[in-house]
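Work through the exercises below with the sequence and the coordinates at hand. Each task is followed by a worked solution.

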Amino acid sequence: MIGTGVRFLRSRILGKALKNSEQQTERLSVGWGLPVLSSDAISSVAYAVQEILLVLVPVLAMASYGPLLGIAGTIIGLLIILVLCYRQVIDAYPQGGGAYSVAKHNLGKTFSLIAGASLIVDYVLTIAVSACAGTAAITSAVPALLPFKIVMTVVFVGLLTLGNLRGLRESSVMFGLPTYLFIGAILILIVAGLVKVVFFGEAPTVTAAESVVTTGEGLTMILLLRAFSSGCSALTGVEAVSNSVRNFKEPTQKHAKLTLLFLAVIVTVIFGGVTILTSLYGAIPNENITLIAQLAIGTFGDSSVMFYIIQVTTALILLLAANTAFNGLPQLLSLLAADRFVPARFGRRGTRLVFSNGILFAAIAAALLVVVNQGQEHALIPFYSVGVFLSFTIAQAGMVKHWLDANDKKTRHRAFVNGLGAVVTGSVCIVLVVGKFTQGAWAVPVVILVLVLLMREVRNHYESVDADLRIDDIALTEQLFGMVSTSSADEESTHALKHRLVPQKMRVIIPIASCNKAFLKAYRYAESLSTDIEVYHVSTSTPAARRFRKRYNAFALPSRLVIENTPYRNINDVLLEHIDTIEAGLHDDEMLTVVLPRIVTTRWWHYMLHNQTNFFLENALFERRDIAVVAIPYIVDSDLAKKNLKEMTNSRKEKSAASKSAHC
């Protein structure tokens, strides 16, 4: 009953479960892909100009606007270079993954993990910074809400999480319209402000010049680099399109490249327009009111409808900028899970065909950052751009190698474009680390290093478990539970096994995901209970079911195999329903025993890396009268498994070397 209630509540909140075959209908068109995957880059114009002035104004006061225009022009030029580079990434790696995929195929495991860790940091910070900035836009319009900004920000993150858990198509419709409203509102602000200045000769002063206190220092290269590094927050999110190529409708590459092009045009126009309007109005940063709010007041007045429209749409786009990360991070984690660098659960789609665990991880990590930093986006921005540009640099360096390895004269110009991108983004990354080092940028490389080490350890654990569970020779079944496969067993021993004397009133079911040593140990135990043994497997696709049946049949076990396909990936639900069906058919003198193979690890944190279906079943079946649940432990000794894996690898290398030597 509890499970039924949970499923009902989940379907009401998130929507009905979707089949695997409906995945194509959930993909994005250019029109909806633009707001979903570009909201981060588009929204960053709401605070990028402000971040530049936060560096310049304390030193140069009202003389800051000349350097501001030059820095903004440089950032726009860098944006154009990045767009050209990432169009080539989309061409070369249509499966998505961006910097991670590029580094994986061209620079090796270490650089791919650095790129992956950088993007994880970037995406989590995107959610935290965007949510904080959105709250700041609201409190600028309604200062009475300032005491509640942390709670508001966490609630906003929760609402975004819920929206994304409902699926790609629904989230794109839900979050797409506010993005287009923001674009329209800012364009109206820019045009109206320029008309007011150029045609009517009005230049509203939104901040009194004498209120600005300077440090007395002059314009220096260090100051310019610091301001430039702060403004580079306008370029965050550019890589999101290349990370999520798989989310677009066919032809995926064409739609992804069109989305990237539209992103570049929109960011250039809005960022450039806001910069020009800021310099004309003489707006400066204020801790109680954002720069965009000041421009809106100067253009339309602080009690106008348009002022509130701009504030509302700005708050919405800043909040929805986190949606870029809610799409990009789960996609990245699914690729890392496929390569076994993060827990396997990140690679599984939920009932709505999205990577639900990745979405929840992103939300929890971002909410913790918001609380720790008291909802101040300025405290997070120094961390923000370092990871972004590190991943930019790795991606472009990997693409240079990709084109050079192709050894084609026609691709040399592509290698040049990516090489230019690598040099520029690498230089910016160094500037960011040096310029913001004392503000906390030093912590980003440390966090990335920790993530890389953790991902390596996760991969080592999975390899160790595989090595311990692997059955390299079917004949090993003889020593494991007293029988051999039909390919080598005599008929007499098989006959004796089938007719072993056991209680006839016991039925046994063994739910398994794969045929390995843990399963064989559980099967040996089941034999001691009954001859009525059912091995039950839930598959999410027909090809996977065929592969499992072929593997299972190789053991020629004297029990029936039941394979059930589910297009909804709700394996636990299907398994529980099957057990309920068996229980309903039991006679008064019968009992069902559910035998569960359980992997037991030697380190506590390893449990998080494995699917805990047995715990789910034990809890769900605990109070059933005619059902017994027995967990058969198979202990994986990580240290011993690592040693065996190393010996196996060395043996293979020796055999390979001997084979090559014999061939020569």
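**Exercise 1.** Which residue in strand 5 is the bridge partner of Thr 601?

Solution. The model is a predicted one. Start with the two strands: strand 4 covers residues 591-601 and pairs with strand 5 in the parallel sense, over ten bridges. Within strand 5, Val 636 is the bridge partner of Thr 601.

**Exercise 2.** Give the strand order of the open sheet and find its edges.

Solution. The five strands follow the order 3-2-1-4-5, with parallel pairing. Strand 3 (560-565) and strand 5 (627-636) each have a single partner strand, so one side of each has no neighbour in the sheet. On average, neighbouring strands are turned by 25° against each other, direction ignored.

**Exercise 3.** Describe the second largest pocket and its lining.

Solution. The pocket holds about 440 Å³ of space. Its lining has 15 residues, and Val 342, Pro 343, Phe 361, Leu 454 and Val 458 lie nearest the centre. By class, 14 are nonpolar, none is polar and one is charged. Helix 18 (residues 443-469) gives the most to this lining, with four residues.

**Exercise 4.** Is Asn 327 buried or exposed?

Solution. Asn 327 belongs to helix 14 (residues 322-338). Its relative accessible area is 6%, and the cut-off for buried is under 20%. Asn 327 is therefore buried.

Conventions: Residues numbered from 1 in each chain as written. Predicted model: local features only at pLDDT ≥ 70, side-chain atom pairs only at ≥ 80, totals over all residues. Heavy atoms only, no water. Buried < 20%, exposed > 50% of the residue type's maximum accessible area, 1.4 Å probe, protein only. 1 Å grid on protein atoms, 1.4 Å probe; cavity = no way out; pocket = protein on both sides within 12 Å on 5 of 7 lines; lining within 4 Å. Points joined across faces, edges and corners; volume = space filled by probe spheres on them. Nonpolar A, V, L, I, M, F, W, Y, C, P; charged D, E, K, R; others polar. Pairing = 2+ DSSP bridges. Axes fitted to C-alpha atoms, helices over the stretch in contact; angles between N-to-C directions.
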